[in-house]
Amino acid sequence: MNKILLFFICCAFTFLISCKKNNKNTPQLNEDQFTKMLIDIHIIDGTLESQNIYRSGDNYRPSYYYNSIFQKYNITRDQFDSCVSYYSNDTKRFTQIYDVIIDSLNRLETQYLI
């Protein structure tokens, strides 16, 4: 009888431990910060792809540009990748984030063309 009781207590304890909320999936950046960071990254991508960037020698360091963005938002590359993974799991939400990004980039483009 004691073995059965001990077995059920162990099962209940295991069940309670497994139900503990896991905070590892919480992103480092909230949605607004993540959106702003992606806007900055897309601006850098456009800058690096433009014909005005010297692409040889010591002057061309794409990692410098991206690392400056990571520093601006006080985040590491791994944390950024984790945020991308977190937000991309909900495609509707991720699409809404990119709608904001596209709108913001279009406004910036219009601003500089006028």
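Thr35 lies in helix α2, which covers residues 31-49. In this predicted model, Thr35 has a relative accessibility of 8% and therefore counts as buried, since that value falls under the 20% limit. Once neighbours within four places in sequence are left aside, the contacts of Thr35 are with Ile97, Val100 and Ile101.

## The chain as a whole

The secondary structure of the protein chain consists of 5 helices and 0 strands, so that, read from the N terminus, the order of elements is α-α-α-α-α. Of its 114 residues, 18% count as buried, and the chain exposes about 9,300 Å², of which carbon and sulfur atoms supply 55%.

The contacts can also be described by separation in sequence: among those between residues at least 6 apart, 71% join residues that are at least 24 apart.

## Helix α2 against helix α5

Two packed helices are described by the angle between their axes and the distance between the axes. For α2 and α5, the axes come within 10 Å and cross at roughly 50°, which makes α2 oblique to α5. The crossing of these two helices is right-handed.

On the α2 side, the residues that take part are Glu31, Phe34, Thr35, Leu38, Ile39, His42 and Ile43, and they meet Arg93, Phe94, Ile97, Tyr98, Val100, Ile101, Ser104, Leu105 and Leu108 in α5. By class, the residues of this contact divide into 11 nonpolar, 3 polar and 2 charged.

## Helix α2 against helix α3

Helix α3 spans residues 62-72 and packs with α2 at an angle of about 165°, the two axes being 10 Å apart. Because an angle over 145 degrees is counted in this way, α2 and α3 are roughly antiparallel to each other, and their crossing is right-handed. The contact is made by Met37, Asp40, Ile41, Ile44, Asp45 and Leu48 of α2 together with Pro62, Tyr65, Tyr66, Ile69, Phe70 and Lys72 of α3. These residues divide into 9 nonpolar, no polar and 3 charged.

Two of the α2 residues in this contact, Asp40 and Asp45, can be examined individually. Asp40, which is found in helix α2, is buried, with a relative accessible area of 15%; beyond its neighbours within four places in sequence, Asp40 is in contact with Ile69, Lys72 and Tyr73. Asp45 also has its place in helix α2, but at 27% relative accessibility Asp45 counts as partly exposed. From C-alpha to C-alpha, Asp45 and Pro62 are 9.0 Å apart in space, while 17 residues separate them in sequence.

Asn74 is placed in the loop between α3 and α4, the latter covering residues 77-88. The phi angle of Asn74 is near 55°, which is a positive value in a residue other than glycine. Asn74 is exposed, with a relative accessible area of 64%, because that value lies over the 50% limit.

## Helix α4 against helix α5

Helix α5 covers residues 91-113, and α4 packs with it at an angle of about 115°, with the axes 7 Å apart. The contact is made by Tyr86, Tyr87 and Ser88 of α4 and by Thr91, Arg93, Phe94 and Ile97 of α5. By class, this contact has 4 nonpolar, 2 polar and 1 charged residues.

Phe94, which is found in helix α5, counts as partly exposed at 21% relative accessibility. Phe94 and Val84 are 10 residues apart in sequence, and their C-alpha atoms are 9.1 Å apart in space.

Technical notes:
Residues numbered from 1 in each chain as written. Predicted model: local features only at pLDDT ≥ 70, side-chain atom pairs only at ≥ 80, totals over all residues. Heavy atoms only, no water. Helix = DSSP H or I, 4+ residues; strand = E, 2+ residues; numbered from the N terminus. Buried < 20%, exposed > 50% of the residue type's maximum accessible area, 1.4 Å probe, protein only. Contact = heavy atoms within 4.5 Å. Axes fitted to C-alpha atoms, helices over the stretch in contact; angles between N-to-C directions. Parallel < 35°, antiparallel > 145°, perpendicular 65-115°, else oblique. Left-handed = near helix turned anticlockwise from the far one by under 90°. Nonpolar A, V, L, I, M, F, W, Y, C, P; charged D, E, K, R; others polar. Areas by Shrake-Rupley, 256 points an atom, 1.4 Å probe, with all protein chains shown as cover.
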